Every structure is written in structure tokens, then in C-alpha cells.
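Please look through the structure shown below with this briefing beside you. The notes begin with a term that will be needed throughout, and then go topic by topic.

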Amino acid sequence: MITIENVSKQVENKWLLNDVSFKVDEGACIGLIGPNGAGKSTLMKLLSGLEEPTSGTVKVLGKEAGKWSVKKLAQKVSVLTQDGLSPYPMTVYDAVLMGRYPHLSFFQREGTEDYKRVENVLSMTGLDSFRNQMLDTLSGGERQRVAIAKAMVQEPEVLLLDEPTSYLDIGYQVNVLNLVKEWQNRDQLTVLMVLHDLNLAAQYCDQLVLMNNGEVIKQGTSEEIIEADTLQTVYQTKPEIIRHPKSNIPQILL
Ligand SMILES: Nc1ncnc2c1ncn2[C@@H]1O[C@H](COP(=O)(O)OP(=O)(O)OP(=O)(O)O)[C@@H](O)[C@H]1O
């Protein structure tokens, strides 16, 4: 569970976040949307304990993000950025196995259970045939799947995703988000993800938080947020809203 209460963040003379408050309940998937520079990544940095708020509190699983030890936080929270994989040369298998490291003590080697988890996840993510391929030879979409697989073997309670689908073709976009959704439903995972694609956000998230200029403009269901006038106020363009023919979820046309 995530609680963000009256959070502001100042860097030099600039306010990057201004009195931001919202909650992500256990097992829910919330989409963070808003134009460039709205403050979405800044908020993700506070949640992953990389930075501290200037005022207000950011709590993850009931404890302030900055107060978790690095190791404990890594056991509980997985952060997936656009390309968060190791820059060092290694195989897909070794990169995914690294997801177990937060659960091992300093001198402890991986054991049978860790290897079993990796095998499971490689098959779930369709990466079996890539296991011996070097990371730097993978396509963008394949790398993103490896990053998800690494996060899965980590077995976190909270998953933070910053733009998990950018640079992915439509097949991989759906593939990656379906993986996250299945995982959320199977393990009661709590998910907060930044998405620029409003149609995907409306389809995959239980609720959306719309940000602009460091503030939360509105939080609600896709019915409440994917609405022409609301979107125009922050994106400076008025989209046409239509209904998805199968799910009836509101979708935008530009
Ligand atoms: N260290 C910093 N010093 C000064 N300004 C910063 C710093 N970090 C971020 N900003 C500014 O804060 C604002 C919010 O940035 P942030 O990256 O959080 O936006 P975002 O919503 O993630 O945008 P995008 O969708 O473009 O990724 C931007 O105007 C950015 O220039």
C-alpha cells in the first residue's frame, strides 16, 4: 500500500511537487498520467527512496520510503524504469537471477529455490529461448521483458513502473501490460505506473491520477478522467472520446 500525504518537493527555487496527496490500496493498479514535466518521475523517485520530499510524507507499506533500509526496500518494492537493466555484459538468465539478490545475505549464494523461481518466471515471460543471449544483443521489447522478469523473481509487494511501454511496438505493449495485470491479480500486487498512453492507462488501471505542474488535478476511474474537457485543461488539446467496442472503456482519438 502506498500513501502520499501533502507532499511537496523543492529543488533550488523550483517547486517540482506541490501538496500532492493520493493513495494506492493494496492490490490496486493506479496509473499516473499527465503532460511532460508534470512531476510524475519526481514522485516515483520519492517512492523508491532515492530522494526525500521537502515536506509531507511518502509511505510505502506503512513506513516512510526514506526510512526503509536499501535492502529491505529492495525486497518489498520493485522499480522498473525505461531501461533499468545492468550495463555490464551478462546473459538474460544472470540478469533475471539478479532479481533474487535482495533476498540473499552478503556471502550467501543462490540456492535451489532461487533457480526454481527463475525457471518459472523465464517460462511465464516467454524468455526461455533467450536465456543464454547477452543483454546487449536484445531488442528494446525483449530487454523490457527481461526487466519485468527480474522484477518478478524479486517477488515484491509493490511494483513501480515508469513508462514501461515506451519504445515498444503495440504487440509488446499489450504483452508487457498483460504480464503486469496477471501478476497483480495473482499475487495481490500493488502497482503504480506512469503511462503517457492514455488509452492503455484507461484499459489497464483501476484508477487514474492526473497530474499537471506538480499538482494532482483529479483522481478517479477512467470514466471520470478520460473526459474531453478535463484532458484539455492539462494537455492543451481537446481529444475526441469514443468507447472501446469490446470493453466500453473510454478511449481518445486525436
Ligand atoms: N533536479 C532538478 N532540478 C531542477 N528541475 C528539475 C529537477 N528534476 C526535475 N526537474 C523539473 O521538474 C519538473 C518535473 O519533472 P518530472 O521528470 O518529474 O516530470 P514528468 O512528469 O516525469 O515528465 P515526463 O512526462 O516528461 O517524463 C520538470 O519541469 C523538470 O524540468
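A residue is called buried if 20 or more other C-beta atoms lie within 10 Å of its own, exposed if 12 or fewer do, and partly exposed in between, with the C-beta atoms placed from the backbone. Helices (H or I, at least four residues) and strands (E, at least two) are DSSP runs, numbered from the N terminus. This is a predicted model, in which local features need pLDDT of at least 70 and side-chain atom pairs count only at pLDDT 80 or more, while totals for chains, interfaces and linings use all residues. Residues are numbered from 1 along each chain as its sequence is written.

- The buried residues of α1 are Lys 40, Thr 42, Leu 43, Met 44, Leu 46 and Leu 47, and just after the helix Gly 49 takes a positive phi of about 75 degrees.

**The nonpolar core**

- A nonpolar core is a set of buried Ala, Val, Leu, Ile, Met, Phe, Trp, Tyr and Cys residues joined through C-beta atoms within 7 Å.
- The largest such core has 69 residues, and among those with the most contacts inside it are Leu 32, Leu 47, Val 96 and Val 146.
- Helix α5 (residues 140-154) provides the largest share of this core, 7 residues.
- Leaving aside neighbours within four places in sequence, Val 96 is in contact (C-beta atoms, placed from the backbone, within 7 Å) with Val 118, Val 121, Leu 122, Val 146, Ala 149, Lys 150 and Val 153.
- In soluble globular proteins, nonpolar side chains tend to be buried together.

**The sheets**

- Two strands are said to pair if DSSP finds at least two bridges between them.
- An open sheet of 6 strands has the order β6-β7-β8-β3-β9-β10, with mixed pairing, and its edge strands, each pairing on one side only, are β6 (77-80) and β10 (215-220).
- The twist in this sheet averages 15 degrees from one strand to the next.
- Helix α5 packs on this sheet, where it touches β6 and β7 (158-162), and its direction makes about 175 degrees with that of β6; axes are lines fitted to C-alpha atoms, for helices over the stretch in contact, and angles run from 0 to 180 degrees between N-to-C directions.
- Another open sheet, of 4 strands in the order β2-β1-β4-β5, is antiparallel in its pairing.
- Within that sheet, β1 (residues 2-11) and β4 (residues 55-60) pair over 5 bridges, and Ser 8 stands opposite Ser 55 in β4.

**Lys 218 and strand β10**

- Strand β9 (residues 207-212) pairs with β10 in the antiparallel sense over 5 bridges, and the bridge partner of Leu 210 in β10 is Lys 218.
- Lys 218 is partly exposed, because 15 other C-beta atoms lie within 10 Å.
- The C-alpha atoms of Lys 218 and Phe 22 are separated by 10.0 Å, although these residues are 196 residues apart along the chain.

Notes: Two residues are in contact if their C-beta atoms, placed from the backbone, lie within 7 Å.
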